[in-house]
Amino acid sequence: MADGGASELIMLISGLLVAGIVTTLLIASWGGLANSVDTVHNQAEADSKTKAALASDPMQVSWDQASCNLSLHIQNTGTLELLDGEIGIIANGTASTVNQTRLLGNSSVWTSGEVLELQVCPSSVTLSVGQEITVTIVVRSEHYQGISGQYSFSEVIRIG
Amino acid sequence: MGGSVSISALIVGTALLGIFALASISLNDSARSASEVAEESKDEPEIRLINASESSGTIHVNMTNAGDEIISFDQTWFSIDGGLLIRASDYHSQSTVLFPGETLHMQLNGTGFTSPTRIFVASMGGQSGVSFS
């Protein structure tokens, strides 16, 4: 009887230990899963608040071949502030250099509704008046809950 | 002793079920807020220029809000003949927004443009352009 009691005690302790280990593992895995879901959720939220659109007249975009200067105006149409120093431009399939940026109006930061003027040079590209090209613009927002949002859009423009 | 093993197993099992329930609730909340993010994205405003004319350096333009979003003139920019953009609120102070379905005559004084050919407007992703008549 005493032997039976001792073995049941051992089984009880073993069962509790196994249950404890399993519980720890499950909590750790659920914690990791919850963290990754949270990160994805924050990224989606930051991306959804990051938007921009072309504000220039796409039918008459100014281009100077001699100085390699394409003038574009981009409006912040999202709710997060955009970073004017982190813009990517692809013009006519060519990665372009942003030579100069300037915020229109009195704003010093690129907040919602404000327009940024860009002087862009798509290197080694020859464009002529009336030519239609596609520009792709990538913008990045300030950090939102530790994550920066991104947004890209493409638009057909006509050189004026 | 056998009874205590069963009771312990019951306690551990219940605790595990509780943990799973809490984790499921947490994941459900995350999924719900993620779907709310998708619903949060607003539609682009539908701004339409009806016609435009120029007289003695003053530009007259009729425009309407054809969508269901309120359009703020602080966020509305005109471009004349592809030139530098001008903010609508800098030239129009009688009202600050264009309500859905509203049509407005706007007068732009002192833009420096004479005999322009085309005017374009952009507001938060909505765009419209019209030739001068």
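In chain B, strand β2 (residues 58-65) runs antiparallel to β7(B) and is joined to it by 6 bridges; strands are DSSP runs of E, at least two residues long, numbered from the N terminus, and two strands pair if DSSP finds at least two bridges between them. Within this pair, B:Thr64 stands opposite B:Thr103 of β7(B). The strands belong to an open antiparallel sheet of 3 strands in chain B, with the order β1-β2-β7. Because β1 (47-55) and β7 (103-108) of chain B each have a single partner strand, they form the edges, and one side of each is left without a neighbour in the sheet. From one strand to the next, the twist averages 20 degrees (axes are lines fitted to C-alpha atoms, and angles run from 0 to 180 degrees between N-to-C directions).

The model is predicted: local features need pLDDT of at least 70, side-chain atom pairs count only at pLDDT 80 or more, and totals for chains, interfaces and linings use all residues. Residues are numbered from 1 along each chain as its sequence is written, while chains are lettered from A and ligands numbered from 1 in the order in which they are written.

In chain A, strands β4 (residues 88-91) and β5 (residues 94-103) pair in the antiparallel sense over 3 bridges, with A:Ala95 in β5(A) as the bridge partner of A:Ile90. Their hairpin has 2 residues between the strands, and A:Asn92 takes a positive phi near 55 degrees there. β5(A) is also joined by 7 bridges to the antiparallel strand β6 (residues 115-122) of chain A, where A:Glu117 is the bridge partner of A:Arg102.

Definitions and conventions
Helix = DSSP H or I, 4+ residues; strand = E, 2+ residues; numbered from the N terminus.
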